Amino acid sequence: MQKMTLSAARRTAIAATGLDRPRPVQVTARHLKSTFARLGLTQIDSVSRVVRSHYLPYFSRLGPYPRETLDRLFYSAPRMGVEYWAHAAAFIPPETWHHFERTRTEWWRNDYGQRHPESGPAFRALQRSVLEVLESGPKTARAVSDLVDHEIPERDRDHWGWNPSQVKIALEALFAGGIISAAGRNEHFERVYALPHDVSPSLVQTELAYGPAADPELGLDPTAELPRGVSGTANDVLALTRIAAQALGIARPDCLADYFRQRRVPTDEAITSLLATGELIEVDVAGTRALKWHAARTPRSVSARALLAPFDPLVFYRPRIEWLFDFHYRIEIYTPAKDRVHGYYVMPFLLGDRLVGRVDLHRDQAADTLRALKVTWEPGEEHEEELALELCEMAKWLGLGAVDMSGTHLPLS
């Protein structure tokens, strides 16, 4: 078995995700497309403490770029990516979406109360009504609610954060099952639901299989059999594992399963197949069995410098960065203020082949300032000048006039 040092494994991981490359002088749509293809997904999150999180992985790799160009690529035809629950909420290429269509269609059949003996039939009727409303065009959950009557009692809605209505639950069930998709997000970052043909021609296959044009009942009856050829297949899991392996470069089996949130047993079967074809190579990373993508590069050194979003593919699976970087990381958004260690919106700072610190970052629009509210360095690491350079570049990209780092005000000119 090939042996690798942890340093070599880190450099392999950094190169695979595109963080080792020099940033272009001027970023074009081609750069953004190439980065998306390399990553295989871009996670979405509603928190905008700095900027919406899906914008950040592109800045980390490419430097300043026009965010409106990324918006156009995701939301205008032909779409580079479509939304789905691929890791969490994420953009993925339309061709990848079809692999989930077959591996995750079963989700909504067994969830969302559809099998409840009393409310199940009413809920399925609500889903059919929702589909009929969407025939007139894309709509938010609020807009759909205004057009749909339903008799299902609302749940106890005393949760501090998430209190979806029955219509929203019905929409999410259909979205999770791939029966509807998302045409975009509105100014409040609410998902705009749509039938597949209103999102991308490449998604129409699902609409024809499940949608109201075929049969309003098809796919909505939880006792019905899955249509032939739609149940999860080994080939789909194999395809998703292959994408994950390329994007990660070096990984343990659990890392590969997590990338698209696949179950371990079918992922392990896919790994066996990829080992047999030589696409994956078994390696020993300082005593840990790992899997290296056959074409992954291992640079002799990397000169990376980047602040990473909490949902960046390099760091979103926390066990992997603890293994490779010896870096215990939590975002702390959901940690009570009194219990936070590093701050609220904590971004890891990558320098070379190490995660050297954590920065609690906040875009203070009113003060025209990007604030590093708290900087915590790893033991033996302190790189104020490098961090200041990265913060200043990010502030300019965000259209801000100054950086405040640990109480030091740095005006941009």
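## Helix packing and sheet order in a predicted chain

Val237, Leu238, Thr241 and Arg242 of helix α10 are in contact (heavy atoms within 4.5 Å) with Pro266, Thr267, Ala270, Ile271, Ser273 and Leu274 of helix α12. By class, this contact comprises six nonpolar, three polar and one charged residues. The classes take Ala, Val, Leu, Ile, Met, Phe, Trp, Tyr, Cys and Pro as nonpolar, Asp, Glu, Lys and Arg as charged, and the others, Gly among them, as polar. The axes of α10 (residues 234-248) and α12 (residues 264-277) come within 9 Å and cross at roughly 70°. Axes are lines fitted to C-alpha atoms, for helices over the stretch in contact, with angles from 0 to 180 degrees between N-to-C directions. The helices α10 and α12 are therefore roughly perpendicular to each other; angles under 35 degrees count as roughly parallel, over 145 as roughly antiparallel, 65 to 115 as roughly perpendicular and the rest as oblique.

The model is predicted: local features need pLDDT of at least 70 and side-chain atom pairs count only at pLDDT 80 or more, whereas totals for chains, interfaces and linings use all residues. Residues are numbered from 1 along each chain as its sequence is written, and side-chain values use heavy atoms, with hydrogens and water left out.

### The chain as a whole

The protein chain has 14 helices and 16 strands. Helices (H or I, at least four residues) and strands (E, at least two) are DSSP runs, numbered from the N terminus. Of the 413 residues in the protein chain, 56% are buried, where buried means under 20% relative accessible area, exposed over 50%, and partly exposed in between (1.4 Å probe, protein chains only). The accessible surface of the protein chain comes to about 18,100 Å², and 50% of this belongs to carbon and sulfur atoms. Accessible areas come from the Shrake-Rupley method with a 1.4 Å probe; for residues, only the protein chains shown count as cover. Among contacts in the protein chain between residues at least 6 apart in sequence, 61% join residues at least 24 apart.

### The four-stranded sheet

An open sheet of four strands has mixed pairing and the order β1-β9-β10-β8. Its edge strands, β1 (2-4) and β8 (250-251), each pair on one side only. Two strands pair if DSSP finds at least two bridges between them. Strands β1 and β9 (residues 280-285) run parallel and are joined by three bridges. Lys3 has Asp284 in β9 as its bridge partner, and the partner of Met4 in β9 is Val285. Asp284 also stands opposite Arg289 in β10. The pairing of β9 with β10 (residues 288-293) is antiparallel and extends over six bridges. The hairpin of β9 and β10 has two residues between the strands.

A second topic is the open sheet of three strands, which has the order β5-β7-β6 and antiparallel pairing. Strands β5 (139-140) and β6 (181-185) stand at the edges with a single partner strand each, so one side of each is left without a neighbour in the sheet. Four bridges link β6 and β7 (residues 191-194) in the antiparallel sense, and Ala182 stands opposite Tyr193 in β7.

Helix α8 (residues 166-176) lies across β6 and β7, running at about 65° to β7. This helix, α8, is mostly covered, with 10 of its 11 residues buried. Among the buried residues of α8 are Val167, Ile169, Leu171, Leu174 and Phe175, together with Gln166 and Glu172. Just after α8, Gly178 takes a positive phi of about 80°.

### Local backbone features

A cis peptide bond joins Ala77 and Pro78, with omega at about -10°. Pro78 is placed in the loop between α4 (67-75) and β3 (82-85).
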